[in-house]
Amino acid sequence: MINSTMTSASDSGDLTEELANATGLNITGTTVSGFGVSTITDNPSLSPTLSPTTPAPTVEEPDEVSEELEFTSISISSLSETFLSIDVTANFNGTVYVRAVINSSTSGVAATMSFGESSDVSSEISTTIWVEDLSADTAYKLFVYGVDKDGEGVSTDHYHASVQYITTFSEPPSLSYARFASTGKYIRIYFTGSTDAAEYYGLASGSFKCTKLFEFQDSDSSTCSWTSAKMCDITISSTATIATGDTIELFSSRLKGECDEYCASQSWVDGGVVTIQAPSNVQNPTISVVYSDSVSSCDDIELDSTASSGGAGRTLSFAWDVISPSNSGFQSYIRSINDSEVTISNSGLSPGTTYTFVLNATNFLGGSSSKTFEVYVSSASLPSVAIDKGSSLTMTRDDELSLYATATYSGCENVTDSSQITYSWILQDSQGDELDMESTSSNPRKLKLDAYSLSAGVDYYAKVKASLPSGTYNTKRISVQVLDGTLEAVLAGGTKRTVQLSQGLTLDASYSLDSNSINGYAQNATYAWSCDSCSLTDYFIQGASIQNFSASILETGTITFYVVVTDRDRSSNATQ
């Protein structure tokens, strides 16, 4: 939008020279101490991007002026990448031409306008002036002035001027690149500049079907949303097969460059194709293997890695190996296995031997991890141990942990009475370090921990030890994965409020809910605030849960506010 300003110039000679250079006229006989600025308005039916770059200088008419040319309106009727149309209306008394010239600081006079001519009778003149051959992304200075009928200079009797600054349209942005997020759950598309977020098609806010804007593998089952004017996220489904190296196509004539109020004259963004890149920081899998440290020679070795995570939303690929003992036939057999669960028959095991296994896990983004562990095959009789929840358990922080163990004599002995077997539990972190936590159950077979005892987003191992009266024992692990709970953004006062301007305004999201928290409220969250076309953006204290606005910075009207509450990988939003 064009803004009109009034400033005074400290050096009249400089202004005179500037106007002369810009217009190509010989300006003499006038004391220039400022310009009388006329009102310039934009045409609401069009969409120029106009913005002042410096204050507009003004010229004051000399005292000896007996007849006055007064511009009653100057409006930009159209603006594109290459031309400008100016409608000029003026009241005057005398014979005068109206001329407009624009120039930039680097290119000098860009164009000289055609001009209209009046009669000797006081009347109103209206004319349209066209400027052509403008350059994109260039700031131009616009001069509109009256000249005498010979067009040789500015007449002191008919002088009045207006100076404004114009910035022509920038080239529309284009596709830059696309990249998977480190989690693999979404793809972020980047543009070379700010877009209008497909506002014309109603896609600027919220999520939408990606097929309205893009085409790619799995686009039918994916949703898109704008994170900024330059970035659009693709959220892919859990069954998606799209991968790095695949392409994303942007449809033509769906996006324009970012604009403030009027966008009709903006050029459409051309379609384009980008290749999806791998994340800059690939997330590696976290391997979790459940196994017994020891087994009897009569028992099989059971290995379970189903609780492993970090597959970037898809199934992990597994590769097993054994590095000792060095037995080529046994190694070939283990290396042929690619399942998450492995059972090794006791018939192929040697009593009194420690087997060292290695598991490699890889996700579809190329992230990989490995884990080495040992299982001892005892020649002595060991109990067989089982946990009621199996090999893995998923819970949230507000859940109680309850596990129950059962042990029996192995198949090497014909003993059915297991009442003499004793039990003890330990809790370990993902690195295998023991944690100082005790079961709240009086039953030694049971491990019980109250809700909120474990941390969200952390993996644990619960390990039970079952001992025989002879002193021999065996162990069993279970993987416990504590997931994040529910995060819910809440704005005090509901979705609609009416406030008195004189009382100021408070936005309060401090009552947002988080099931990870003992008191139920989001205590470790950050808050991102925004509003629709409002003047309060610079007053937001980003990160804070409460925003206060004094009456002095508020205006009457309806404003929609947004808050996004974020805690690690969780986010929730609310509108008021």
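Before I start, a word on labels: helices, H or I over at least four residues, and strands, E over at least two, are DSSP runs numbered from the N terminus. That is how I get to say that Tyr 452 lies in the loop between β29 (446–449) and β30 (458–467). The model on the screen is a predicted one.

Let me stay with Tyr 452 for a moment. Its phi is positive, about 70 degrees, although the residue is not a glycine. Tyr 452 is partly exposed, with a relative accessible area of 23%. Asp 218 also has a positive phi, near 75 degrees, and is likewise not a glycine. You will find Asp 218 in the loop between β13 and β14, the latter covering 223–228. Is Asp 218 buried or exposed? Asp 218 is buried, at a relative accessible area of 18%; the cut-off for buried is under 20%.

One more backbone item. The peptide bond running from Ser 324 to Pro 325 is cis, and its omega is near 0 degrees. Pro 325 sits in the loop between β20 and α2.

Eight strands make up an open sheet with mixed pairing, and the order is β12-β14-β15-β11-β10-β17-β16-β13. Which strands stand at the edges? They are β12 (207–209) and β13 (214–215); each has a single partner strand, so one side of each has no neighbour in the sheet. Further in, β10, residues 175–180, pairs with β17, residues 272–277, in the parallel sense over two bridges. Within that pairing, Ala 178 stands opposite Ile 276 of β17.

On to salt bridges. How many does a search of the whole structure find? The count is 10. I will show three of them.

Asp 233 and Arg 188 meet through their side chains, 2.7 Å from N to O. Asp 233 is in strand β15 (residues 231–235) and Arg 188 in strand β11 (residues 186–191), so this contact ties together parts 45 residues apart in sequence. Asp 233 is buried, with a relative accessible area of 8%.

Another is between Asp 321 and Arg 335, at 2.8 Å from N to O. Here Asp 321 is in strand β20 (residues 317–324) and Arg 335 in helix α2 (residues 328–335), 14 residues apart. The two partners fall in separate accessibility classes: Asp 321 counts as buried at 19%, while Arg 335 counts as partly exposed at 49%.

Asp 484 is partly exposed, its relative accessible area being 24%. What else is joined to Asp 484 and Arg 568? Salt bridges with shared partners bring Asp 514, Asp 567 and Arg 570 into one network with them.

Now the aromatics. The count is 13 aromatic pairs. Among them, Phe 540 and Phe 549 are edge-to-face, with 5.6 Å from centre to centre and 80 degrees between the planes. Phe 540 and Phe 549 are both buried. Elsewhere in the list, ring pairs link Tyr 291, Phe 330, Tyr 355, Phe 357 and Phe 373 into a cluster.

I will finish with empty space. Rolling a probe the size of a water molecule over the atoms shows where such space is left. There are four cavities of 30 Å³ or more in the structure.

Technical notes. Residues numbered from 1 in each chain as written. Heavy atoms only, no water. Pairing = 2+ DSSP bridges. Salt bridge = Lys/Arg side-chain N within 4 Å of Asp/Glu carboxyl O. Buried < 20%, exposed > 50% of the residue type's maximum accessible area, 1.4 Å probe, protein only. 1 Å grid on protein atoms, 1.4 Å probe; cavity = no way out; pocket = protein on both sides within 12 Å on 5 of 7 lines; lining within 4 Å. Points joined across faces, edges and corners; volume = space filled by probe spheres on them. Phe/Tyr/Trp six-rings, centres within 6.5 Å; stacked < 30°, edge-to-face > 60°.
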